[in-house]
Amino acid sequence: MSAASRVSLFPDRPLNRARGHVRSRRAALFTAAVAASALALTACTSGGTSGGSGDTNFVTGTDGVIATVPQGERVAAPDLSGPTIDGKQLDVADYKGKIVVINVWGSWCGPCRLEAKNFVAVSADLKDQGVQFVGINTRDGETRPAVAFEKQYGVTYPSLYDPTGKLMLRFQKGTLNPKAIPSTLVLDRQGRIAARSLQALSEDNLRKMLKPVLAEK
């Protein structure tokens, strides 16, 4: 009997099972690598970069935290509307004429918890100066943890509920888009994106981010 005949008669011999195990292991490793890459795009982080490259028109400050766009080169924010974590409806466009601070956060995110008190303090301080804060809660599978988070930290401004990150995907590539958690954007009075941070913000840096936009006429 030839070697080829013996292989066909005994397809489950150890050599074939070993080869199948190697192929399965390779497939599993590939799947894990793809999942890890996807997770890295949305992972909660206290670091990250906030500048751009290529032909973008924004610049990063010397502190490496805040990126800004000159007034004449800003683009409008996309449609940011939908249900809030407390079941109401919100459209950020309704705040046109005000400076809007957009903070992307999750109840599970450590850096988000660290910066929460800073946003609460600055929101209360600048409310009478035409500054409106809006959260975008993401990657929370239900609203209860998000509601508990806001109660714990005394957050009184509204948060859109965006569990799958659909709102974040509406931002144009090459603009100051919120591609990390936490992310913070400042929209000017015309609803255009003026500044961005991809890191948890101290109260000082948050005020620094808002100061030039507040000074604009």
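Student: Leaving aside neighbours within four places in sequence, which residues is Leu 80 in contact with?

Tutor: Leu 80 is in contact with Leu 90, Asp 91, Val 92, Ile 102, Ile 136, Leu 160, Leu 167 and Phe 171. Contact means heavy atoms within 4.5 Å. Before we go on: this is a predicted model, where local features need pLDDT of at least 70, side-chain atom pairs count only at pLDDT 80 or more, and totals for chains, interfaces and linings use all residues. Residues are numbered from 1 along each chain as its sequence is written, and side-chain values use heavy atoms, with hydrogens and water left out.

Student: What makes something a nonpolar core, and how many residues does the largest one have?

Tutor: A nonpolar core is a set of buried Ala, Val, Leu, Ile, Met, Phe, Trp, Tyr and Cys residues joined through side-chain atoms within 4.5 Å. "Buried" is under 20% relative accessible area, "exposed" is over 50%, and "partly exposed" is in between (1.4 Å probe, protein chains only). The largest such core has 29 residues, and Leu 80, Val 92 and Ile 102 have the most contacts inside it. At least two residues each come from β5 (99-105), α3 (110-126), β6 (131-138), α4 (143-153), β7 (159-162) and β8 (183-187). β5 gives the most to this core, with four residues. There's also a second, separate core of 19 residues, which includes Val 122, Leu 201, Leu 206 and Leu 210.

Student: How do you know what counts as a helix or a strand, and how many of each are there?

Tutor: They're DSSP runs, numbered from the N terminus: helices are H or I with at least four residues, strands are E with at least two. By that rule the protein chain has five helices and nine strands. From the N terminus on, the order is α-α-β-β-β-β-β-α-β-α-β-β-β-α.

Student: What span is expected for helix α5, and what does the model give?

Tutor: The expected span is 1.5 Å times one less than the number of residues. α5 (residues 203-215) has 13 residues and reaches 18 Å from its first C-alpha to its last, close to the expected 18 Å. Its buried residues are Asn 205, Leu 206, Met 209, Leu 210 and Val 213. An α-helix has 3.6 residues a turn, so residues three or four places apart point the same way. The buried residues of α5 pack against β2 (66-68), β5, α3, β6, β8 and β9 (193-197).

Student: Is Ile 99 buried or exposed, and how do you know?

Tutor: Ile 99 is in strand β5. Its relative accessibility is 0%, so Ile 99 is called buried. Leaving aside neighbours within four places in sequence, Ile 99 is in contact with Gly 130, Val 131, Gln 132, Val 186, Leu 187, Arg 189, Leu 210, Val 213 and Leu 214.

Student: And Gly 130, is that buried or partly exposed?

Tutor: Gly 130 has a relative accessible area of 22%, so the label is partly exposed. Gly 130 sits in the loop between α3 and β6. Not counting residues up to four places away in sequence, Gly 130 touches Lys 98 and Ile 99. Gly 130 and Lys 98 are 32 residues apart along the chain, but their C-alpha atoms are separated by 5.1 Å.

Student: Why does Leu 198 get the label it has?

Tutor: Leu 198 is in the loop between β9 and α5. Its relative accessible area is 4%, so Leu 198 is buried.
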